[in-house]
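Biologist: I'd like to go through this one with you and check what each label rests on. Can you walk me through it?

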Amino acid sequence: MAQPVLQVQNLTTRFHTRNGVVRAVEDVSFDLNQGEVLGIVGESGCGKSVTCYSMMGLIPQPPGRIEAGSAVLDGQIDLLKASEREMNAIRGKRISMIFQDPMTSLNPYLRISTQLIEPLQLHEKLSKKAAIERGVEALKEVGIPQAEERIHFYPHEFSGGMRQRVMIAMAMITQPDILIADEPTTALDVTVQAQILELIRQRQQANGSAVILITHDLGVVAGLCDRILVMYAGRVVETGTAHEVFKKARHPYTIALQRSIPSLGTKGKPLYTIPGLPPDLSKPIPGDAFALRKGIVSGGKWDHTPPPMVQLSETHWVRESDCELPSLEEVLREC
Amino acid sequence: MFKFILYRLLQTLLVLWVIVTVTFFLVRLAPGDPFSAERSMPSHVKERLMQHYGLDQPAWVQYGNYVSSLLQGDLGPSYTQSRNVNQILAQTFPVSLELGAWALLIALCIGLPVGVVAAVYRNTRLDYVPMSMAMVGICLPTFVLGPLLALFFGVWLNWFNVSGWFGPHDRVLPALTIGLVYAAVIARITRGGMLEILTRDFIRTARAKGVPFHTIIFKHTLRGGLLPVVSYMGPALAGVISGSFVVETIFQIPGLGREFVSSAFNRDYTLVLGTVIVYAALITLANLLVDIVQVLLNPRIRFEDS
Ligand SMILES: Nc1ncnc2c1ncn2[C@@H]1O[C@H](COP(=O)(O)OP(=O)(O)O)[C@@H](O)[C@H]1O
Ligand SMILES: [Mg+2]
């Protein structure tokens, strides 16, 4: 099999704050193959964003510190050890990123054109004129009408969905090998969400880029991802192909996430939500990280000896857990 | 934009009229009159003088006369000097304007870079040291700083004259006296403004695009970060003007500020009014300029208006 574009191994990122050490990401490993879509799923605060920011060198240091691990691009450069100059050559060219909130991710003081063509000027040394032409092209490709005029607008003249399209155009304009999309639809209207996801898939296929799609909603990644990584409390709990994670899920947390996807079939029935809250990562987790989640048990001491990962198939890994989740009917009857 | 400026200019005229009217009657409420100086004059001489200047007439008649000559550009005679008010203003205003310009230049040239550096290297020595000094600077009133500078650089080191306004080196101490305080304030405002922008999401976006550090500062941060400084320029100018009242007196500078102070003490009604008009016009025009620059810097205001 071809070498993965990105190999992340044992990534551990912590924030040393006044209120203690936040263990945001602990010992996370995964590979990203060329042209594939990898979904990273988990509830808010599980360390999904921090995982990706760590690879991009976007963790504010201090308070953040990357304690261990590596993130190797092309089997050559370790992104975690690269200099700021090396990273600037990679960011926006080899790896691009789009963010959750399109309303705040664009600079309100600069025209769209200025921001959109910046990667071209930086990485491909294009003249302004040539870059603007490519910029107009890029805007058309993401479905922005009257791109020739609107490229000179300011961000506030665009709606949220349109701004996210601009972000996608900006991220894809250099045809990067990897696109990281951090909850790209969370801040958008439901009607726009599907369009944006479809657009990401379409640009991904046109460019042959690999995509890391972060979301807290397993439903979002369902039709889109080749492989899925489920995270909880800063650690991976299950990873496998989309088929494995959806049809043969073993970890109770993964199953609970599946059950909380609002789908057409559950009409009339109460919506399932996972009881309790994820643990506070600013304190050590002395026992089971699922202690506060009724019905889910995994055992182990998560701050030192979390339950080990068990291999089920060539691609399917799951963290050991001590329980079978009761059937959904049973759970719903209880609440 | 054009309509906006025109509207603001009309507003300025209205403000000026109100200020002239209020000042006109306020100075006349003050006890005494232009001719009740230390050395008392015979009452018949004083009566003749009052009559000559029309000061014996009812206040509203005086007001009518003043406004009508004002509309023709005549600010009237000074009651205590041989020059008329137009001549006094023409001679002293350029001096104060130069002093104020130097002071503002110093304030900006020191304040902006210090503030930017402190924000970029926040929580390091490059932040703590200048910002503590700025804190001291803000607490020092002009009438303390002026004599201190004069004592140190003028008397002890003998680098500059302690008073007068002749050569270029005479500009240094007075301009520093006014400028340093505002440099300190501007440094703090700049730091705050820059920090506010540096923590925004769009800076992270720029970093994710591989934008180098200095481009992030100059292209992505400065515009928004300096907006608070721009809005501070209006109050800063007013502050520089009131600073000049003190500093021109300390350093014996033949400027408008000194005329204003002495005319107020001497109840030289027309000269008080003349200087007030100049200051009011200057401040309102400066505020208009500030608003225009703000609109140019911030596209969001630009579009809400039009
Ligand atoms: N700059 C920071 N300082 C301190 N803690 C942080 C910082 N950024 C993230 N964290 C913490 O790291 C944990 C993981 O956050 P994040 O990766 O953003 O979660 P999510 O899975 O929702 O993207 C959270 O507990 C969060 O509070
Ligand atoms: Mg997140």
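This is a predicted model: local features need pLDDT of at least 70, side-chain atom pairs count only at pLDDT 80 or more; totals for chains, interfaces and linings use all residues.

Biologist: Which parts of chain A face chain B?

Modeller: Helix 1 (48-56), helix 2 (84-90), strand 6 (95-98), helix 3 (102-105), helix 4 (112-116), helix 5 (118-123) and helix 8 (160-172) of chain A each put in at least two residues. Helix 5 of chain A gives the most, with four residues. By type, the side of chain A that touches chain B splits into 15 nonpolar, ten polar and five charged residues.

Biologist: How many residues does each chain bring to the contact?

Modeller: Chain A brings 30 residues and chain B brings 23 residues.

Biologist: And what area do chain A and chain B bury between them?

Modeller: About 2,400 Å², with 56% of it on carbon and sulfur atoms. On the chain A side, Tyr109(A), Glu118(A) and His156(A) supply 28% of the area buried against chain B, more than any other three residues.

Biologist: Why quote an area for an interface at all?

Modeller: Because the size of an interface is often given as the accessible area lost when the parts come together.

Biologist: What makes Lys209(B) and Glu118(A) a salt bridge?

Modeller: The N to O distance between their side chains is 2.9 Å. The cut-off is 4 Å from a Lys or Arg side-chain nitrogen to an Asp or Glu carboxyl oxygen, so a Lys and a Glu can qualify. At 2.9 Å, Lys209(B) and Glu118(A) do meet in a salt bridge.

Biologist: Why is Arg207(B) called partly exposed?

Modeller: Its relative accessible area is 23%. Buried means under 20% and exposed means over 50%, so a value in between is partly exposed. Glu84(A), at 44%, gets that label too.

Biologist: What does the salt bridge of Lys93(A) and Glu124(A) tie together?

Modeller: The side chains meet at 3.4 Å, N to O. Lys93(A) lies in the loop between helix 2 and strand 6 of chain A, and Glu124(A) in the loop between helix 5 and helix 6 (128-141), so the pair joins parts that are 31 residues apart in sequence. Lys93(A) is partly exposed at 25%, and Glu124(A) is partly exposed at 25%.

Biologist: Which residues are linked in a network of salt bridges?

Modeller: Arg14(A), Glu26(A) and Arg235(A).

Biologist: Over to chain B, then. How many helices and strands does chain B have?

Modeller: There are 13 helices and zero strands. The C-alpha atoms of chain B fill a box of roughly 85 × 55 × 30 Å along the principal axes. Buried residues make up 45% of the 306 residues in chain B.

Biologist: What share of the contacts in chain B joins residues at least 24 apart?

Modeller: 72%, counting contacts between residues at least 6 apart in sequence. As for the surface, the accessible area of chain B is about 15,800 Å², 69% of it belonging to carbon and sulfur atoms.

Biologist: Last one: why does Thr21(B) count as buried?

Modeller: Its relative accessibility is 18%, and buried means under 20%. Thr21(B) is placed in helix 1 (residues 2-29) of chain B, and its side chain makes a polar contact with the side chain of Tyr63(B) at 2.8 Å. The limit for a polar contact is 3.5 Å.

How values were computed:
Residues are numbered from 1 along each chain as its sequence is written. Chains are lettered from A and ligands numbered from 1 in the order in which they are written. Side-chain values use heavy atoms; hydrogens and water are left out. Contact means heavy atoms within 4.5 Å. Buried area is the accessible area (1.4 Å probe) that two parts lose on being put together, summed over both. Ala, Val, Leu, Ile, Met, Phe, Trp, Tyr, Cys and Pro count as nonpolar, Asp, Glu, Lys and Arg as charged, and the others, Gly among them, as polar. Buried means under 20% relative accessible area, exposed over 50%, partly exposed in between (1.4 Å probe, protein chains only). Accessible areas come from the Shrake-Rupley method with a 1.4 Å probe; for residues, only the protein chains shown count as cover. A polar contact is a pair of N or O atoms within 3.5 Å; within protein, one must be able to donate a hydrogen and the other to accept it, and residues adjacent in sequence count only if both atoms are side-chain atoms.
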